[in-house]
Amino acid sequence: MIESRHELQDSSPARAAIFTAFTLFLVAAVLAASLGVFHLFTDRESPNIQGSGLEVLTGTFPEPRLQTAPHDDLLRIQEKDRNLLRGYGWMDREHRVVRIPVDRAIDIALEKGLPEFPEGEQK
């Protein structure tokens with residue numbers, strides 16, 4: 001008959017329990033330290049947010065102001081640019097310089113041709 005034996009070099013249950021207890025203690029200590037640091041910083045008043053809280057009601061937030069709807073902002077900028085390209089307006093009223101639509105400028109250039117510059121002034 002074969003005699004059954006057990007491995008003599010296995011870790012003892014006492015060592016496993018000590019290791020588990022140490023690991024749990026270490027996790028608890030890190031958690032406690034993290035919560036302490038969190039409360040340390042949340043109890044302080046932010047230097048950028050001072051005042052009576054009226055800023056929230058009036059919408060005048062301190063700098064930097066973040067975009068709340070970047071897609072809408074982009075559409076608004078593109079529409080403004082399209083209106084500038086398609087419309088007439090003063091560039092410099094004092095010197096009587098006007099802005100004309102791109103399509104009209106192309107038509108004028110096709111009718112009159114591009115201006116000729118002397119050889120020395122070309123860059």
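These are my notebook entries on one predicted model.

**Ground rules**

I number residues from 1 along each chain as its sequence is written. Because the model is predicted, I take local features only at pLDDT of at least 70 and side-chain atom pairs only at pLDDT 80 or more, while totals for chains, interfaces and linings use all residues; side-chain values use heavy atoms, with hydrogens and water left out.

**Confidence**

I looked up pLDDT, the predictor's confidence in each residue, from 0 to 100. The protein averages 83, and 80% of the residues score at least 70. I then went through the elements. Helix 1 (residues 13-42) has the highest mean pLDDT, 94. Helix 2 (residues 54-58) has the lowest, 57.

**Fold**

I listed helices (H or I, at least four residues) and strands (E, at least two), taken as DSSP runs and numbered from the N terminus. I find 4 helices and 2 strands. Along the sequence they read α-α-α-β-β-α.

**The strand pair**

I checked how the strands pair, which takes at least two DSSP bridges between them. Strand 1 and strand 2 run antiparallel and are joined by 3 bridges. Trp90 stands opposite Val98 in strand 2. The two strands form a hairpin with 4 residues between them.

I place Arg96 in the loop between strand 1 (89-92) and strand 2 (97-99). Its relative accessibility is 68%, so I log Arg96 as exposed. My cut-offs are these: buried is under 20% relative accessible area, exposed is over 50%, and partly exposed is in between (1.4 Å probe, protein chains only).

**Salt bridges**

I searched the whole structure for a side-chain nitrogen of Lys or Arg within 4 Å of a carboxyl oxygen of Asp or Glu. The search finds 2 salt bridges.

The first entry joins Arg76 and Asp73, at 2.4 Å from N to O. Both residues lie in helix 3 (residues 70-86). They sit 3 residues apart, about one turn of the helix. Arg76 counts as exposed because its relative accessibility is 53%.

The next entry joins Glu79 and Arg82, at 3.0 Å from N to O. Glu79 and Arg82 are 3 residues apart in helix 3, so about one helical turn separates them. Are these two buried or partly exposed? Glu79 is partly exposed, with a relative accessible area of 37%. Arg82 is partly exposed too, at 32%.

**Surface**

I looked up accessible areas by the Shrake-Rupley method with a 1.4 Å probe; for residues, only the protein chains shown count as cover. The protein exposes about 12300 Å². Carbon and sulfur atoms supply 62% of that area. Buried residues make up 2% of the 123 residues.

Next I looked for patches, made of residues with over 30% relative accessible area and no salt bridge: like charges are joined within 9 Å, nonpolar side chains (Val, Leu, Ile, Met, Phe, Trp, Tyr) within 5 Å. Which residues form a nonpolar patch on the surface? I noted Phe22, Phe25, Leu26 and Val30. Together they have about 430 Å² of accessible area. Phe25 lies in helix 1. Phe25 is exposed, because its relative accessible area is 58%.
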